[in-house]
Amino acid sequence: MSYGTGNEWFPYYEQAFSEGSFSYRTGNELPYYEQVFSDSGVLGMQASEQKAIQVTDLTVAYQDKPVLWDIDLDVPPGVLLSIVGPNGAGKTTLIKAILGLVRPAAGNVLIYDKPYEAQRQIIGYVPQRGSVDWDFPTNVLDVVMMGCYGALGWIRRPGKKERELAMQALEKVGMEAYATRQISQLSGGQQQRVFLARALVQDATVYLMDEPFQGVDATTERAIVTLLQELRADGKTVVVVHHDLQTVTDYFDWVMLLNIRRIASGPVDEAFTSDNLRETYGGRLAFMK
Amino acid sequence: MLQGHLDILSIAIVTAAACALPGVFLVLRRMTLMSDAISHAILPGIVIAFFLTGNLSSPLLILAAAGTGVLTVVFVELLQRTKLVKEDAAIGLTFPALFSIGVILISRFAGNVHLDMDVVLLGELAYAPLNRLKIFGSDLGPVPLYVMGTILVLNLIFVVVFYKELKLVTFDASLAAALGFSPTLIHYGLMTLVSVTTVGAFDAVGSILVVALIAGPPATAYLMTDRLSRMIILSAIIGCVNAVSGYWIAFLFDVSIAGAIATMTLIIFVLVFLVVPNRGLIAIARRHARQKWEFAQTMLVIHLFNHEGLPEAETESAIADLHEHLSWDPGFTNQVVKYALSNRCVSRKETQLILTAHGRTIAQQALVQ
């Protein structure tokens, strides 16, 4: 059970007494303090306080080499957050740990107060474009339909409905003309749009994207930014591993600075400071605000 | 005699189709060598199961061998996970060791048992029909046909039922995991199938042919289509073509059937590799040749276009001197001029080469790009 991050539970505790929380005890076997402090307890559920993603004390290590040290991260719903940091900072690993793809050595991840396994359906994942074999014998529409597989579950095949959803997603990324194209014939930017369409088809609430801007042309970059901002406008939470420090303030409203440990996270104007950047990148920082 | 042909042919065809189905996914996952490893490493499993049952045709042998096959995959992956050994080396370390354990067990404890090494490696398809399934005295056909038929049905069911999952895990394992389709489960399911197929097939056709039939037809089909479902069907068909053509070659030249089928697998791959449209070697060579002449023609029309109507045009477009201006070999220049003339990009005006309207358009378009 998670009790939220350090300084948050105390106000709830206060609130519990001031608002006469004893009425909440009726019909509940839990002692009142459990109930009050618990994230899933009634008092913790005010919509404005709920976290889309909550990472607590997360450490990931390969063998005994830590890749992430004791990461805490709270992502409120409806923000567009970029994770930035130098190569080897653990950005991809953090995304994978949130998705349960790597096993943490310590710590915990919650998506809307529940572990990942319970929330698969509301999470859309866009892996790095280079992580798959684009010579695989399949076409664009087929790849986009893979986004529906989670909702279909085991064995059930995609049908007409899934094909329509996939076409709609392709339209959103401006790739509907390429539906029957063999995927090896796509440019890098087109591949990235196909991957985005595949995540859109899930109609998720939380999106995790690993370097969607990697090696795409300017047109695709614009299209992706517009899409991300539309997602945020729809109340979705979008977490993006990002490389280009120049565009962080333009594209995102939240930022996390990461280098093995969390340097800072929060709204861009608070967290994206030159002090924090220097701490994240050390002497390697070529860009200063 | 006809019955003998039919028996051998049907065993070969069923085996080829059964091997092609999991083979498609091994080829796409770049794991074909694993089938080689499994086909050898199952030997100790067979030997140990034989010691336990005392019967070479016990179904327990297949299960024990399949278990050893999966164990091979586990060993290879454990070695790989140490990050001290790469996958190819891990395979190279694992399967000879397991195979040797099998050989040692046979030579120490079962020297007089019929477990012939040649048959293990190359198989002897000609003898396969001798092993008949008899129930109440009536002959129902060769046992290997039933074994491979069952395995073919199993493979077919697995591939059809889990088609979506196999496709997703093969294309994008991390998305599969994120969506809740365990790549490990699918992976070991597939490996179990490969093991069972290998065990069943090696008794009939030998382990070398098993590897040829698992890797060859899917690799051939991969060249012919852009759709996974078609690749699977084509693989099965090509496997059957290999089996039938190989069998007749073996019959005509009186050579090893397994050897002939394995050879045909390569020959048919090379044929497809050469002639397949778009990505075949011949198609690529023709495309390169065409591009070479097209490009030379474009250079020629641009040269004419740049000097057109200028004072030096007369010298620059003199047919006899073109090769000097362009620094081309005279013979090559001649051919390019002929090519351009035949495409009506240029026309001859006494000793000059002049642009046609079509040629002018080509030059303008090329310059705009």
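Which residue of chain B forms a salt bridge with Asp133(A)? The partner is Arg30(B), and the closest N and O atoms of the pair are 3.2 Å apart. A salt bridge here is a side-chain nitrogen of Lys or Arg within 4 Å of a carboxyl oxygen of Asp or Glu.

This is a predicted model, in which local features need pLDDT of at least 70 and side-chain atom pairs count only at pLDDT 80 or more, while totals for chains, interfaces and linings use all residues. Residues are numbered from 1 along each chain as its sequence is written, chains are lettered from A and ligands numbered from 1 in the order in which they are written, and side-chain values use heavy atoms, with hydrogens and water left out.

**Salt bridges**

Over all chains, the count comes to 11 salt bridges; between chain B and chain A it is three. Two pairs are listed below.

| Pair | N to O distance |
|---|---|
| Asp133(A) and Arg30(B) | 3.2 Å |
| Asp172(B) and Arg198(A) | 2.7 Å |

**The interface**

In total, 31 residues of chain B are in contact (heavy atoms within 4.5 Å) with 31 residues of chain A. The area buried between the two chains is about 2,700 Å², with 64% given by carbon and sulfur atoms; buried area is the accessible area (1.4 Å probe) that two parts lose on being put together, summed over both. On the side of chain B, Lys164(B), Phe171(B) and Leu179(B) lose the most area to chain A, together 28% of what that side buries.

Between chain B and chain A, 13 residue pairs are in polar contact, both residues being at pLDDT 80 or more. A polar contact is a pair of N or O atoms within 3.5 Å; within protein, one must be able to donate a hydrogen and the other to accept it, and residues adjacent in sequence count only if both atoms are side-chain atoms. The largest share of the side of chain B that touches chain A, seven residues, comes from α8(B). Helices (H or I, at least four residues) are DSSP runs, numbered from the N terminus. By class, that side of chain B has 17 nonpolar, six polar and eight charged residues; Ala, Val, Leu, Ile, Met, Phe, Trp, Tyr, Cys and Pro count as nonpolar, Asp, Glu, Lys and Arg as charged, and the others, Gly among them, as polar.

Methods. Helices (H or I, at least four residues) and strands (E, at least two) are DSSP runs, numbered from the N terminus.
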